[in-house]
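This report looks at side-chain interactions and where they sit along the chain. Please keep the sequence and the model open while reading.

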Amino acid sequence: MIQRVLIANRGEIAVRIIRACRELNLSTVAVYSNKDKDSLHVLLADEAVCIGDHKLENSYLNQQAILQAAINTKCHAIHPGYGFLSENEEFALACERLGLEFIGPKSETIALMGNKQKARETMLKAGVPTVPGSKGLVHTIQEAEAAADEIGYPVLIKASLGGGGKGMRVAYSKEALQSSFDQATQEAKNAFGSGDVYLEKFVENPRHIEVQILGDKYGNVVHLYERECSVQRNNQKMIEEAPVRNLSSKTRKKLYDASLNAAKHLNYESLGTLEYIMDKNENFYFIEMNTRLQVEHPITEGITGIDLVKEQLKVASNKRLPFEQSDIKIKGHAIELRITSENPYQNFMPSSGLIENLHFPGGNGVRIDSFIYPGYEILPFYDSMMAKVIVYDNTRDEAIEKAMRCLEELDIEGIQTNIEFLLEVLLHESFLDLEYDTSLIQQILENR
């Protein structure tokens, strides 16, 4: 039985996990860099261990230091949160070998889904629609040209490893393919240590739809419906909502069936998310599977009433899912707003410094996931996300009104934020009319 959990992360997600552990009467151990000693997750955990300096490779990516901290503090499990080591198969395997429960899927599942080309091949075997692409990795420009001629332009050159938009380039013609291929392979090599790439048909201005799944260790798996994640910039999400309101029932069923088929094919354990792009005709294609807790998980919790982190912890403790698919119902509408320390009107320039004053919104149907407080210093070493404002209401229109009210009430003094820009997005006609795709942010920026 899991009784003591080390959280191998920082910021709002570490706080989120600590709270879930407390409600399950599990003790917690936080890890932190020397610059993070005043962070809220350190203050809330039952115990905290400094694992290195502010450089990621010396702290939050330092596998040996984290594993040693877990052993020294007699932890039974490690929760990786999202980012950092959450999808690192070597770290998951090291946990397994040390008898520590890695709160997530098996290491071999992480490895399989972490390699985009292998993931694509696996999804094809599971009958999941995939974007037309090359038959395996593409190693030379000659192979790339042959694959592109077969697929048809425009094509997307895509790193086989990693994510976050790195190692991806679009080529609209044969003349542009050489430079795009060189840039993608070099960026992939720099970011992930491997220059392996493959080609896919580039679907222009798609929607980004994802399906949340949850499986236990006894072969039971369910989906928890879908999320719309099309408000994004450079493949980084800014606003998410659930459920997706403008989908036909036929497409919705296909999405659920494909996602469950994928999960069952993988014998999937723990939380996972199937991510798809969708064109204007509701044709959808698998792009990747995130084998971890997602940043946007609270909106799924909002519409289903299920605490995903608690369920993840229970699965890791060898408990069966307490519900079947027919038990899970959608109620209402939820929207998540990512609050970041950056200036959208100056090319999203990061901002750091002391938070002089802070007021979070509240009220019925409002949830704040954050780690900041008055007097806390936003550090320049880490991700710019400071908080998530999650709102829930009966209808989408009511949820949007509530989201706008929350942004107007939210006050963070001392640093630059994206609050005004998020308001601008919520008020945009395309967003209000549910006629937006992944090009929305670029349209707003170009029309300023």
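Contact here means heavy atoms within 4.5 Å. This is a predicted model, in which local features need pLDDT of at least 70 and side-chain atom pairs count only at pLDDT 80 or more, while totals for chains, interfaces and linings use all residues. Residues are numbered from 1 along each chain as its sequence is written, and side-chain values use heavy atoms, with hydrogens and water left out.

**Around N9**

N9 touches A14, V31, H41, Y60, P80, G81, Y82, G83 and F84, leaving aside residues up to four places away in sequence. Its place is the loop between β1 and α1 (11-23). Helices (H or I, at least four residues) and strands (E, at least two) are DSSP runs, numbered from the N terminus. Is N9 buried or exposed? N9 counts as buried, at 3% relative accessibility.

A polar atom of its side chain lies 2.8 Å from the backbone oxygen of Y82. A polar contact is a pair of N or O atoms within 3.5 Å; within protein, one must be able to donate a hydrogen and the other to accept it, and residues adjacent in sequence count only if both atoms are side-chain atoms.

**Salt bridges**

How many salt bridges does a search of the whole structure find? The search finds 29. The criterion is a side-chain nitrogen of Lys or Arg within 4 Å of a carboxyl oxygen of Asp or Glu.

| Salt bridge | N to O distance |
|---|---|
| E47 and R4 | 2.3 Å |
| K217 and E101 | 2.7 Å |
| E296 and R338 | 2.9 Å |

Take E47 and R4, which meet in a salt bridge. They link distant parts of the chain: E47 belongs to strand β3 (residues 47-52) and R4 to strand β1 (residues 4-7), 43 residues apart. E47 is partly exposed, at 33% relative accessible area. R4 counts as buried, at 16%.

K217 and E101 form another bridge. K217 lies in the loop between β9 (207-215) and β10 (221-233), and E101 in strand β5 (residues 101-102), so the pair ties together parts that are 116 residues apart in sequence. K217 is partly exposed, with a relative accessible area of 27%. E101 is partly exposed too, with 23%.

E296 and R338 are also joined by a salt bridge. E296 sits in the loop between β13 (284-290) and α10 (297-304), and R338 in strand β14 (residues 333-340), so this pair ties together parts 42 residues apart in sequence. E296 is buried, with a relative accessible area of 1%. R338 counts as buried at 11%.

**Aromatic pairs**

The whole structure holds 13 aromatic pairs. Rings of Phe, Tyr and Trp (its six-membered ring) pair if their centres lie within 6.5 Å; planes under 30 degrees apart count as stacked, over 60 as edge-to-face and the rest as tilted.

Y172 lies in the loop between β7 (168-171) and α8 (174-192), and F202 in the loop between β8 (197-201) and β9, 30 residues apart. F202 counts as partly exposed, at 21% relative accessibility.

Y225 and Y256 make an edge-to-face pair, 5.5 Å centre to centre and 85° between the planes. Y225 lies in strand β10 and Y256 in helix α9 (residues 249-265), so the pair ties together parts 31 residues apart in sequence. Y225 is buried, at 13% relative accessible area. Y256 counts as buried at 10%.

Ring pairs also link Y60, F84, F381 and Y382 into a cluster. Y60 and F84 are among the residues that N9 touches.

**Charges over rings**

A charge sits over a ring if NZ of Lys or CZ of Arg is within 6 Å of the ring centre and within 35 degrees of the ring normal. R320 lies over the face of Y218, 4.1 Å from the ring centre. R396 has its charged end over the ring of F431, 4.8 Å from the centre.

Terms used. Buried means under 20% relative accessible area, exposed over 50%, partly exposed in between (1.4 Å probe, protein chains only).
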